[in-house]
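Here is a short report on one protein chain. Look at the sequence and the structure first, then read on.

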Amino acid sequence: MRVFFPFIFLALGPAPLDAAAEPSYFESLLGRVRAERLWQDPYWRILGHYRRNRIGFLRSEASGEDFFLSARGRRDSQAELEATLMGFFEPPQTSTSGVLMHPQCRFPARYRWLESKLNFDPAKLARQPCPDLERWMKKTDSGSATLIFASSFLNSPGSMYGHTFLRLDHRGRGQGERLLDQTINFAAMVDDADNLMSIIKGL
């Protein structure tokens, strides 16, 4: 079973640092990250969905490759943090399909958290425009979130455990307009048709 997490990101491979950026500033920030061991901060582990398994090794529950900027990111929270910081220095990139989303825009929560810890100098680390993210935030404009259990059907394990989602409650709408709000759904892909295994994997 593969689990997918709803995050705002687009596929983007690692790229070299902008030649115009000041390498010494990146190195100074990296030195602070290592001195303070920020990858051990509980909030960073929340952002990366890192948990310890039964034998004590740290591993992220997110399984999609696009969620990580480091090839070792799922199992190495330090490597992922350092790759994330490096990604924030990348220049905007383009492709045949248009402008790719910058790491600052793909991971806004990571950016805000690191900025609060390291106090970025905007003259040395430029804040990238994020038009797609801004449009989504403006459209959603949520002031709260509601956990919804829609329905259940005892004869169907998929229905019994699969109809739960988060509703992002728009600030400008009343209860009678909640069907227009954005929702975030949890979904799982089960590789076999065995109903017993579907229940076990689903749980």
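## Contacts along the chain

Take the contacts between residues at least 6 apart in sequence: 54% of them join residues at least 24 apart. Contact here means heavy atoms within 4.5 Å.

This is a predicted model: local features need pLDDT of at least 70, side-chain atom pairs count only at pLDDT 80 or more, and totals for chains, interfaces and linings use all residues. Residues are numbered from 1 along each chain as its sequence is written, and side-chain values use heavy atoms, with hydrogens and water left out.

## Overall build

The protein has eight helices and nine strands. Both are DSSP runs, numbered from the N terminus: helices are H or I with at least four residues, strands are E with at least two.

The protein has 203 residues, and 31% of them count as buried. Buried means under 20% relative accessible area, exposed means over 50%, and partly exposed lies in between (1.4 Å probe, protein chains only). The accessible surface is about 13,000 Å². Carbon and sulfur atoms hold 56% of that surface. The areas come from the Shrake-Rupley method with a 1.4 Å probe; for residues, only the protein chains shown count as cover.

## Confidence

The average pLDDT is 81, and 73% of the residues score at least 70. pLDDT is the predictor's confidence in each residue, from 0 to 100. Over residues 1-21, pLDDT stays under 50. For that stretch the model has 49 contacts beyond four places in sequence. Where pLDDT is low, the predicted coordinates should not be read in detail.

## Aromatic pairs

How many aromatic pairs does the structure hold? There are eight. Rings of Phe, Tyr and Trp (its six-membered ring) pair if their centres lie within 6.5 Å; planes under 30 degrees apart count as stacked, over 60 as edge-to-face and the rest as tilted. F26 and F89 form an edge-to-face pair, because their planes stand at 80°, with the centres 5.4 Å apart. F26 is in helix α1 (residues 23-36), while F89 is in the loop between α3 (77-87) and β4 (94-95). They are 63 residues apart. Both residues are buried. Ring pairs also link Y25 with F26 and F89 in a cluster.

Y43 and W113 make a tilted pair, 6.4 Å centre to centre with 35° between the planes. Y43 lies in helix α2 (residues 42-47) and W113 in helix α5 (residues 108-118), so the pair ties together parts 70 residues apart in sequence.

## A charge over two rings

R110 lies over the face of F107, 3.9 Å from the ring centre. The charged end of R110 also sits over the ring of F67, 5.1 Å from its centre. The test is that NZ of Lys or CZ of Arg is within 6 Å of the ring centre and within 35 degrees of the ring normal.

## Around D181

D181 sits in the loop between β7 (164-170) and β8 (182-185). D181 is buried, with a relative accessible area of 7%. Its side chain makes a polar contact of 2.9 Å with the side chain of R173. A polar atom of that D181 side chain also lies 3.4 Å from the backbone nitrogen of H170. A polar contact is a pair of N or O atoms within 3.5 Å; within protein, one must be able to donate a hydrogen and the other to accept it, and residues adjacent in sequence count only if both atoms are side-chain atoms.
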